[in-house]
Amino acid sequence: MKFLILDAYTDEPAGLGVPPYFGTYPRYTAGVLYNYNYDVYYITIDKLRSLIKSKGFDFNKFDVIISICGFHTPGKYLNANPATLREIVSILYDFNGLKILGGPVATKFGSSMEGGKIKDDSKLKYFFDVVAEENLELTIKDLIENKFNLEKINNIDINAIDNIDNYYKDIKDYAIKGAKIIKQHPNYPYIVNEIETYRGCSRNMSGGCSFCTEPRRFGAPTYRNPKDIINEVKALSKEGAKYYRIGRQPCMFSYGAKESEQYDVPKPNVETVEKLFKGISSVNPEVLHIDNANPAVISHHPIESREIAKTLVRYCTGGNVAAFGVESFDENVIKKNNLFTTPEDVLNATKLLNEVGGLRSSTGMPYLLPGINLLFGLKGETKETFEINYSYLKEIQNDNLLIRRINIRQVVPFFGTDITEKDVKKAEKRKTIFKSFKEKVRKDIDNNMLRKMLPIGSILKNVFIELKEKENLYFGRQFGSYPLLIGIENKDLKLNSFVDVEITGYGRRSITGRAII
């Protein structure tokens, strides 16, 4: 049997699988299939579109097609175009083999490509013969072991106590065996492998944030063994992987915490985090970054968090970003949406990371800075919410603290969360204020942060050239979490190559420069 993994990309609260990031879904899925000695082929939706347009694509040379897609935290992407479920159905309409659907779009929550709304394509799921609502890897394993008898498929709930331990034992092997699939990615070796450390969220005990799917999908945290993660990275390294993001978790500072099922802000486990990153760094990655961090954890446990921040500076590469799920500084919104993190927590955590990670690294970027996520359309929001949020961002700026980036999004009313379409419709009345706020932050905060962080003449190392806009204008980024977009005014640069760039100017969220040749 021949299997095709169609990667139409994923973006979740704790996990990114949009190029240049290579998510865990296709690698784990390939690992299951390799484990049973099947032929496995992989293609991205962008590559597939190109082939269909140029010379067509014969789907029926495969026996099974596994489609992976879905967005719970939709964003904007420079060099990738994710697919909707409707597009995938139209592409596979004449395929005669077994069709399997996995990823966030297959869950009960559905998927949205844009903040502030959700398009109900849920009925399209039933075009597929198998919909992995709970867990794609275990569903495929179950399918194989039952000799592809669809009536015996069990969508296994990995959150059940009896299953989670066995799941991570399986993943230990699948993550290693699936490593070789990365060579089939059209961007190989220029991909950032997303690495999972745990699933679930400690906020689960108090119900989780009103809008978030993570605790509702996975419950309380269950951690992978550091040794298993390190072995996965070693396997990827043997296949030529150079770039890694430890991004598949809600809070890096909470990894391995022993009190995660008892407290919303568990005490960080310094020793476990040190063991993990020391082990990963042993393969000498060219880029090693993280993603999410809970500012409340950092603020409530400053001694342990400072040590973890030092660990991240010691073992990770420069330009690292700890994304803070702030969502709102308005205490009324915080209370009504069970956000827990206070403005004081955010200020404390921002100051701590600036103190530990604010120095410039060899990449040209500071070692470790916070990012801030703001979310609009939440319960309790008023026009004053925008003023409150702006005043706290301004306070951070006036205190000479750096924020690497500010994400401003609109909430999506996913089924199963506490946000409804009624909440989103109320927020529509503040659409003009939202746009005005966003523009003001981009102009007054983002631009000034860039100027402080990277003065004119600063040098950024190893900028990857991704796009040619016109004759003398290219766009590039460094690899890693939330890399800066750089407009490079040069002649005859080579795409998919690396250059060092001297900073010459600033946009609202991007910079301009010239290549040093």
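Helices and strands here are DSSP runs, numbered from the N terminus. With that in mind, welcome to this predicted model.

**Stop 1**

Select asparagine 37, in the loop between helix H1 (24-35) and strand S4 (39-44). Its phi is positive, about 65°, although the residue is not a glycine. Is asparagine 37 buried or exposed? Asparagine 37 counts as exposed because its relative accessibility is 68%.

Now select tyrosine 9, in strand S1 (residues 2-12). Tyrosine 9 is not a glycine either, yet has a positive phi of about 85°. With a relative accessible area of 1%, tyrosine 9 is buried.

**Stop 2: two cis peptide bonds**

Go to proline 20, in the loop between strand S2 (15-16) and strand S3 (21-22). The peptide bond that leads from proline 19 to proline 20 is cis, and its omega is near 15°. Then select proline 189, which sits in the loop between helix H5 (161-177) and strand S8 (192-196). The bond from tyrosine 188 to proline 189 is also cis, with omega near 5°.

**Stop 3: a pair of helices**

Show helix H8 (residues 270-281) together with helix H10 (residues 302-315). How do H8 and H10 lie relative to each other? Their axes are 10 Å apart and meet at an angle of about 5°. Angles under 35 degrees count as roughly parallel, and H8 and H10 are therefore roughly parallel to each other. On the H8 side, the contact includes Val270, Val273, Phe277 and Ser281; on the H10 side, it includes Glu304, Ile308, Thr311 and Tyr315.

Stay with phenylalanine 277 for a moment. Beyond its neighbours within four places in sequence, its contacts include Ile246, Met252, Leu288, Ile290 and Cys316.

**Stop 4: the nonpolar cores**

Phe277 also belongs to the largest nonpolar core, which has 112 residues. Together with Phe253, Leu393 and Ile488, Phe277 is among those with the most contacts inside this core. Helix H15 gives the largest share of the core, seven residues. Another core, of 34 residues, lies apart from it; Val18, Phe62, Val105 and Phe479 are among its members.

**Stop 5: helix H12**

Select residues 343-357, helix H12. From first C-alpha to last, its 15 residues reach 21 Å, close to the 21 Å expected at 1.5 Å a residue. Of those 15 residues, 11 are buried, so H12 is largely enclosed by the rest of the structure. The buried ones include Pro343, Leu347, Leu353 and Gly357. To see what covers them, display helix H9 (295-300), strand S14 (320-327) and helix H11 (331-336), which are among the covering elements.

**Stop 6**

Finish with helix H15 (residues 431-453). Its 23 residues should span 33 Å at 1.5 Å a residue, and the end C-alpha atoms are 31 Å apart, which agrees. Look for a bend of about 35° at arginine 442. Buried residues of H15 include Phe434, Phe437, Arg442 and Met453, and their cover includes helix H13 (383-398) and strand S20 (498-506).

Isoleucine 433 counts as partly exposed, at 32% relative accessibility.

Last, click on asparagine 389 in H13. Asparagine 389 counts as buried, at 0% relative accessibility. Its contacts beyond four places in sequence include Ser328, Asp330, Leu374 and Phe437.

Key. Residues are numbered from 1 along each chain as its sequence is written. This is a predicted model: local features need pLDDT of at least 70, side-chain atom pairs count only at pLDDT 80 or more; totals for chains, interfaces and linings use all residues. Side-chain values use heavy atoms; hydrogens and water are left out. Helices (H or I, at least four residues) and strands (E, at least two) are DSSP runs, numbered from the N terminus. The expected span of a helix is 1.5 Å times one less than its number of residues. The bend at a residue is the angle between axes fitted to the seven residues ending there and the seven starting there. Buried means under 20% relative accessible area, exposed over 50%, partly exposed in between (1.4 Å probe, protein chains only). Contact means heavy atoms within 4.5 Å. A nonpolar core is a set of buried Ala, Val, Leu, Ile, Met, Phe, Trp, Tyr and Cys residues joined through side-chain atoms within 4.5 Å. Axes are lines fitted to C-alpha atoms, for helices over the stretch in contact, and angles run from 0 to 180 degrees between N-to-C directions. Angles under 35 degrees count as roughly parallel, over 145 as roughly antiparallel, 65 to 115 as roughly perpendicular and the rest as oblique.
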